[in-house]
Amino acid sequence: MYYPSKLKRDFRITGFIPAIICISIGALIWIFIGQREGVYSVSGFFILYAAFSLWIFIRTRNQSYLAASVWQLFFGLWLATRFSYPLIPGIKSELLALLYFLLIASTIWLFYLVFTRRAKWKGREVFELASMSIETQSDGFTERPHPAGKIVYSGSELKGFAEFLRKNLVAMPYFEVNRIVFVPVKMEDEFGYIFSPEKFKQNRSWIAFDFIGNVTVNISKKDYIGYKEELSFDQLCENLGKLFIEFIDYYRKGEAERILYKLNELGLGLTY
Amino acid sequence: MDFKEAAKLGSCLSKDYAEDLFRLLATYESISASEAGSRVNIHIKTTQDFLEDLYGLGILDREEVYEGKRPYFRYRLKVKQLSIEINLEPFSQNEPVTDTRLKLKIREKKNIGARFTTSRSNDYISNVVIWTGEGRNRTERKINLSMPQGKFLFHLPFPTAEPLSISEIMKNAEIDEVNIPEIVDIVNVLIEFGVIESP
């Protein structure tokens, strides 16, 4: 289904920077020191990167980061065993065959997750959905939070919902004493969240569900100016609140997959 | 006693030397500013102002005397007891709920740049910061809010939203009717500062 995008395009390549640096350093080592050293350094980087991806998986519980970690580890090991003088000497050919098999299997797993959008941070989709059918209206921005309504849910349902949104990279939950605050994270913003979640939360849009059913929405200036046009601010807050109320309703009815379907249906690119 | 007179008396009573001067006034049949000032060890002008204030409030009587030099006043205590009684009824903005003020439709004004700080529990506004003046004269004015006022502002329509009446906002915010006067008060203040508009 085609939806005209209301958000400005994001041309940042933050997500590719570690890979670019790693390959560039490997290429320089190849040129100035030697081929073997170049390949081994890239191998080392990939193994380190696997540890980093595992750390992200522990923080988000998103399966794609586990897949990425496994793939990076096997790819790093595969590079290390490629030459006639392998980094791990005396490695048996059966073990090498197993390594190749695991590398191919993890590649398929990773690609599957990427192309089914399981690896995508869905903040952009959230803001696109919230802005649907909203009229343009200037000078509406205010820093005040917006009370979006009151609904009924239990504490365990809310915690389960938070876990679901985190695992699927829809919005990152922050657990406070009397409420859970959800902060949608867009692609290319994810490292900001991963490295410093508390700092990331400042000046970001959020949707809060307290433990007595009140839903509050706050849209930050940064996210508001991310739209191509000045949209009616109160409608935008209202819609964002309704969207998350709809999401928690789906979750409570056991239809949480509909949340992902609704977000993925927008058909936004895999990398932005 | 009206509020201004009470404030003046309160100011007199709060002075460090007030008790000593009242002791002299109660002891002496009559006393001049010069005598009283020298006795309490304060400047004659300070004593004169104090006694004149009490005379203006009707607590002292004064008599002009001539003793071969420039005339001066001698003060005499008129009362044996002081009491401050202020009627606060006129300050109250209590009016019935059906009052037209509650039908006033309001919303936040566009581009006002006021900063609303939410409470720790995040379900009401704890204060509003407004900037007034231009250039170097620009000053920050912070208004701390009571909880009903904070809840009211939390539910105030946004600048582009349809304005709502005060009573509708109070209903949305679940504010009790006993808080109407303070709500009306903060609305008036924020209209005055241009934070709220009534289109």
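Tutor: Start where the chains meet, and keep in mind that this is a predicted model. In it, 18 residues of chain A are in contact with 16 residues of chain B.

Student: What makes two residues count as in contact?

Tutor: Their C-beta atoms, placed from the backbone, must lie within 7 Å. By that test, 18 residues of chain A and 16 residues of chain B qualify.

Student: Which elements of chain A supply at least two residues each to the side that touches chain B?

Tutor: They are strand S1 (146-150), S4, S5 and H10 of chain A.

Student: Why is chain B called more spread out than a compact globule?

Tutor: Set the value against the rule. The globule rule gives 16 Å for 199 residues, but the radius of gyration of chain B is 26 Å, well over that, so chain B is more spread out than a compact globule. Its C-alpha trace spans about 80 × 45 × 30 Å along the principal axes. Of its 199 residues, 26% count as buried. The chain holds seven helices and nine strands.

Student: Why is helix H5 of chain A called largely enclosed?

Tutor: A residue is buried if 20 or more other C-beta atoms lie within 10 Å of its own. Seven of the eight residues of H5(A), residues 123-130, are buried, so the helix is largely enclosed by the rest of the structure. Among them are Arg124(A), Val126(A), Phe127(A) and Leu129(A).

Student: What do the buried residues of H5(A) pack against?

Tutor: Three helices of chain A: H9 (221-224), H10 (233-252) and H11 (257-264).

Student: Which residues touch the most other members of the largest nonpolar core?

Tutor: That core has 44 residues, and the answer is Ala171(A), Phe182(A), Ile207(A), Leu240(A) and Phe244(A). Elements giving two or more residues include H5, helix H6 (155-167) and strand S3 (179-183) of chain A. H10(A) gives the most, with nine residues.

Student: What is Phe182(A) in contact with, leaving aside its neighbours within four places in sequence?

Tutor: Its contacts are Leu165(A), Ala171(A), Pro173(A), Trp206(A), Ile207(A) and Phe244(A). A second, separate core has 24 residues, including Ala114(B), Leu153(B), Phe154(B) and Leu156(B).

Student: How many bridges join S2(A) and S3(A), and in which sense do they pair?

Tutor: Two strands pair if DSSP finds at least two bridges between them. Strand S2 (residues 172-175) of chain A and S3(A) have four bridges, in the antiparallel sense. One bridge sets Met172(A) with Val183(A) in S3(A). A hairpin of three residues joins S2(A) to S3(A).

Student: What makes S8 and S9 of chain B edge strands?

Tutor: The open sheet has three strands in the order S8-S4-S9 (chain B), with antiparallel pairing. Strand S8 (164-165) and strand S9 (196-197) of chain B each pair on one side only, and these are the edge strands. S4(B), residues 105-108, and S8(B) pair over two bridges. There, Lys105(B) stands opposite Ser165(B).

Student: Back to chain A. How far apart are the centres of its domains?

Tutor: The domain assignment gives domain 1 (15-115) and domain 2 (123-264) of chain A. Their C-alpha centres lie 35 Å apart. The contact takes six residues from domain 1 and six residues from domain 2 of chain A.

Terms used: Residues numbered from 1 in each chain as written. Chains lettered and ligands numbered in written order. Predicted model: local features only at pLDDT ≥ 70, side-chain atom pairs only at ≥ 80, totals over all residues. Rg over C-alpha atoms; globule rule 2.2 N^0.38 Å. Buried ≥ 20, exposed ≤ 12 C-beta atoms within 10 Å, placed from the backbone. Domains from an automatic or database assignment. Core = buried A, V, L, I, M, F, W, Y, C linked by C-beta atoms within 7 Å.
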